[in-house]
Amino acid sequence: MTDPAIDHVDAFRASLEAAGVTHETVALGEATAAIERAVEEPTVGVPVHVDASLPASVDTEFSPSDLHAATTGVTPARLGVAALGSLLVPSGEHGDELVALYPERHVAVLAASDVVPDLDAATDWLQSEVDAGRDSYVFATGVSATADMGALVEGVHGPTNVHVVLVDDREATSGDDTTNA
Amino acid sequence: MSSESRRETAAKIRALLDTEGPNIEAQARDLNAGRVEATEAFAEYEALRSDARRIKEDAIERIPELVDTVREAVEARGGHVYLAEDAADANRYVQSVCEDVDAETLVKSKSMTTEELEVNDALVEAGVDPYETDLGEFVVQLADESPSHLVGPAMHRSREDIAALLNDHFDPDEPFESADEMTAFVRDYLGDRIREADVGMTGANFVAADSGTMALVTNEGNARKCAATPPVHVAVAGVEKLIPSVSDLEPFVALLSKAATGQAISQYVSVLSPPVDTPIPDFDGDEFRPADDRAFHLVLVDNGRMAMREDDDLRETLYCVRCGACSNSCANFQQVGGHAFGGETYTGGIATGWEAGVHGQDAAGEFNDLCTGCTRCVNACPVKIDIPWINTVVRDRINRGDDPGRFDALVDGLVPDEEPAGLDLQKRFFGNVHTVARVGSALAPVSNWLAASAPARAAMERVLGVDRRRDLPQFARESFVDWFDDRGGARVPEPGAARSAVVYPDTYTNYVSPERGKAAVRALEALDVHVRVPAVPGSGRAPLSQGMIATARSNAEHVHDALAPHLDAGRDVVVVEPSDLAMFASDYERLLPADAHERLADSSYEICEYVYGRLSNDADPGSLAALDGDVAYHSHCQQRTLDLEAHTVAVLETCGATVRTSDVECCGMAGSFGYKEQYYDLSVDVGAPLADDFATADRVVASGTSCADQLESLLDARAPHPIELIAP
């Protein structure tokens, strides 16, 4: 039996690549190290949505000037959309929106179990979040871009490069081969 | 339109064709190709278009209720909602919000609605410096121009133009050259403006009423920054942007970027429920202020929209999602851009509806005639707006002037139309072309000699605006209907025939190119079809294209009366001219009672579609002409919209030809359009890519009469109808 979640993760990675986003898939225990590898200092960050701590090099007590000076911002992504390579970044009290937007490099940390197949599934999820009062997100796909200056240029008001640390937590959440189906 | 104003229009268009046109053409055609590719590869496209349309229809119906709902939702979160009656009202509110916080600067993300309000002028008046942060809008703001495109406001400028503008304005040590250099500079410059701004202003692509959640779609990320950075967020949106809830967003998010740019999704689709919880970065004081300090104002704008909602013909305009697909798919727009094909604010085909609704009919009248009714935008529109119809209706209203009931009994008795006395003579001439052709044919060849004489051409240009550089159609001495009678009528008797059909003698086939009709008769009879060619009036296409709806309706009724007995007898209706078939299939829906339209539409076929049908039902292709070698085929705009290009290609191939088609949207002639003095240059420019495409072809065929006229004049070779090749 094919686990549909596995297909989604493969499709998601392919979509990330098509959108010009790099990625690394790691086990939960390696997440902190993978984030460390992915950042270019100075780095600001906000708590991520997997059970891993941010490396010490990530400044979580940053000021607006730190934000402005940072090369990398680390945030959670609450969903990944397989068909599009989109990341759903929260816009909340920790300042995720600013951290994902101001620095030229954005590192998003996403649990593989949070990859959904398509926009339809993502919108359903979003509606349930809105109903629960958690209601501001951005679908970010690829890097900030414009063609307004006469040719396509990447890196405008948002990041020039985006990297996803995909934390493979699926054994724990999606049922494994040893259980009876 | 006077002879003088026709010349002014021609001069303006000619100037734009030389300056902005090439920049617009490259980008608009690129975006259009992107849309086609993205939507053709997208299996759910049609289903999502229907969903999007349904959601918009419902939402517009429920605007008053949705306004109440969104007010409750936003106020419950601590935000404010203001329903502005018109532009002045909206601007006053925005000014007061700025005054309350002693704002010095305001940063904006791209919003056509704020362009409509001219909110920047109002801000300056209140002592607030507004900065556009979308790079294209920033360029347009620096240049003090209006956007030339709904999505790409600076599309009319080349990289070199923009570099010159920036160098002039900022006088850098090293002059800017590349797009990278300019983008980096403007990003830093606007980054400073965003960090220091007192107020951030955004539009909203959609607003979900039940939660006050808004969707903002951008590629640059500027809307996100404008919404999250300053301590005050003002979102300005037309009331038509309201949808019931977040779950209704999906079809729009899925369609918008594909229709606009061919992207599967734009880089950033923010789904925000302001005021957002993001702490406020105070870059001056270098501290974060609590999110609770953030003020949010949703300014909902009426400015004519509630009246549009009551208007059965303009209402559809409110479904528009401002993707620009109607502009990109439009052959005329591709050549001149929004500075000709646009009004005070809006650009492209849908602009007629917006301008008539928010700025008034005169604003639409400036450019409305650039819509030729070719219908290429109809299938491009992600919410299925009948954009050509909106253009026709507004043209009709402009024809009628301020008094829709204006009617002059004397003039009415003299001309064969149903239009008011003051109607533009050029429109009246082209709208009555059926009568012109009938008389011209009766008097041929004298009428042809007379019309071709230099004094006659000069007079026609001066009085009627018929450009003297165009060859006029040569009227045939014997009409198609007369030829059919003279030959003794049908050669395949009705009893025992495989099918029975009427060939509709459209104006051109009947009076100008009877050979197309004769070929149709020969081909059909070879395929065992009993054929009749009764005298049937003009379809109304010509008056409809001039906005003469009452005349078109009267024509439709006469056509229906003439064809009804044949439909009763079970005969099919076969049409040679695609624009006339489109009348029966589509436009008559607006002109005839529903059952009459449906019956005629269901029984009508394009000639090659009909031949295709016979061949698919075991008729012998050997009874048609055998072809070999290459044929270059240009279909017809309305034929393509009806999805009937493939049938002609298949029939030509069945007969042995190797067929090459063009993906150029339009030949540029568009019925009478290319004959008009003020549009002749544009028409020739639109046709140029097609002429290039077919320059080396040995044999060129075209389904539409005006397409054939244009190709013949551009290629200097005859371009017959495909049926003339196929017929034995």
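Is Leu450(B) buried or exposed, and what is its relative accessible area? In this predicted model, local features need pLDDT of at least 70 and side-chain atom pairs count only at pLDDT 80 or more, while totals for chains, interfaces and linings use all residues. Residues are numbered from 1 along each chain as its sequence is written, chains are lettered from A and ligands numbered from 1 in the order written, and side-chain values use heavy atoms, with hydrogens and water left out.

Leu450(B) turns out to be exposed, at a relative accessible area of 55% (exposed is over 50%, buried under 20%, partly exposed in between, with a 1.4 Å probe and protein chains only). It sits in helix H22 of chain B, residues 446-452 (helices, H or I, of at least four residues and strands, E, of at least two are DSSP runs numbered from the N terminus).

Chain B also holds an open sheet of 3 strands, ordered E18-E17-E19 with parallel pairing (two strands pair if DSSP finds at least two bridges between them). Strands E18 (658-661) and E19 (700-702) of chain B are the edges, each pairing on one side only. E17(B), residues 630-634, meets E19(B) in the parallel sense over 3 bridges, and Ala632(B) has Val700(B) in E19(B) as its bridge partner.

As for chain A, its secondary structure comes to 6 helices and 12 strands. Of its 181 residues, 57% count as buried, and the C-alpha trace spans about 55 × 40 × 30 Å along its principal axes.
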